[in-house]
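This report describes the structure shown below. It begins with a loop residue and its surroundings, then turns to the fold, the core, the salt bridges and the surface.

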Amino acid sequence: MHFTLESLVQYATLVTVVTGFVSLVVFATIYGRQVNAQIVIELFARYANMHQSFPAQLRVALFGSDRSLPEHREEFTACPLQYAMIVSFAYHLHERRYITNDICAILEAEHQQTISRPWFAREWNTVQGQFAMFPSFVAYMERFLPTMFKLAYEQRKILRG
């Protein structure tokens with residue numbers, strides 16, 4: 001087999017094009033993961049700042065369902081609204097595929113833990129109307145609510161209906 005200079009140049013060009021294509025695919029994958037990591041870091045920073053701004057009684061209620069439910073106060077209503085706004089942001093990013101399913105699974109575990117708390121469910125009933133324009137998001141939130149609060153919510157919907 002005899003190689004000419006022209007055939008060597010053609011092979012080198014082919015190898016260069018394939019290498020360039022593979023590099024672009026690898027770069028796009030790495031870039032996508034990096035963007036996801038930045039989004040997650042930003043979301044968790046928002047969660048942390050929000051939790052630090054909660055009144056002490058709610059922070060205690062976050063860590064145990066065996067503790068008594070703090071009495072309702074106006075300042076408590078702002079907390080689930082803030083939380084739901086951050087969850088809404090994450091939910092819509094996932095719906096538009098800016099956040100991968102793996103990252104969403106991590107976030108959903110956190111959402112499950114917080115939304116299932118009785119204090120959150122009680123306050124959610126007050127603020128959920130703020131998200132009425134996003135029925136799929138409201139359904140997402142309500143799937144984490146404890147059963148007793150879902151029943152109460154359904155009864156109120158029927159009475160209003």
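Leaving aside residues up to four places away in sequence, histidine 72 touches Thr77, Arg122 and Glu123.

Histidine 72 and glutamate 123 are separated by 51 residues in sequence, and their C-alpha atoms lie 8.2 Å apart. Glutamate 123 has 0% relative accessibility and therefore counts as buried. The side chain of glutamate 123 also meets that of arginine 122 in a salt bridge, at 3.0 Å from N to O.

## Overall fold and confidence

The chain contains seven helices and zero strands. Of its 161 residues, 35% count as buried. Among contacts between residues at least 6 apart in sequence, 72% join residues at least 24 apart.

The average pLDDT of the chain is 85, and 86% of the residues score at least 70. Confidence is highest in H6, at a mean of 94, and lowest in helix H7 (residues 147-160), at 58. Where pLDDT is low, the predicted coordinates should not be read in detail.

## The nonpolar core

The largest nonpolar core has 32 residues, of which Leu43, Tyr47, Trp124, Phe137 and Met141 touch the most other members. At least two residues of this core come from each of H1, helix H3 (74-95), helix H4 (101-115), helix H5 (118-127) and helix H6 (135-142). H3 gives the most, with nine residues. Leucine 43 touches Ile86, Phe89, Ala90, Ile99 and Leu107, when residues up to four places away in sequence are not counted.

H5 is largely enclosed by the rest of the structure, because seven of its 10 residues are buried. The buried residues of H5 are Trp119, Phe120, Ala121, Glu123, Trp124, Asn125 and Val127. This list includes the charged partner of arginine 122 described above, Glu123.

## Salt bridges

The structure holds three salt bridges. In one of them, the side chains of arginine 46 and glutamate 42 meet at 3.0 Å, N to O. These two residues are four places apart in helix H1, so about one helical turn separates them. Arginine 46 is partly exposed, with a relative accessible area of 35%, and glutamate 42 is likewise partly exposed, at 38%.

Another salt bridge joins glutamate 108 to arginine 143, with the closest N and O atoms 2.9 Å apart. This pair links distant parts of the chain, 35 residues apart: glutamate 108 belongs to helix H4, and arginine 143 to the loop between H6 and H7. Glutamate 108 is partly exposed, with a relative accessible area of 24%, and arginine 143 also counts as partly exposed, at 46%.

## Surface features

The chain exposes about 10700 Å², and carbon and sulfur atoms supply 62% of this area. A nonpolar surface patch of about 970 Å² is formed by Phe3, Leu8, Tyr11, Leu14, Val18, Phe21, Val22, Val25, Val26 and Ile30. One of these residues, leucine 8, lies in helix H1 (residues 5-53) and is partly exposed, with a relative accessible area of 46%.

Arginine 97 is located in the loop between H3 and H4. Its phi angle is near 65 degrees, a positive value in a residue other than glycine. With 75% relative accessibility, arginine 97 counts as exposed.

Methods. Residues numbered from 1 in each chain as written. Predicted model: local features only at pLDDT ≥ 70, side-chain atom pairs only at ≥ 80, totals over all residues. Heavy atoms only, no water. Patch = residues over 30% accessible without salt bridge, like charges linked within 9 Å, V, L, I, M, F, W, Y side chains within 5 Å. Areas by Shrake-Rupley, 256 points an atom, 1.4 Å probe, with all protein chains shown as cover. Salt bridge = Lys/Arg side-chain N within 4 Å of Asp/Glu carboxyl O. Buried < 20%, exposed > 50% of the residue type's maximum accessible area, 1.4 Å probe, protein only. Core = buried A, V, L, I, M, F, W, Y, C linked by side-chain atoms within 4.5 Å. Contact = heavy atoms within 4.5 Å. pLDDT = per-residue confidence, 0-100.
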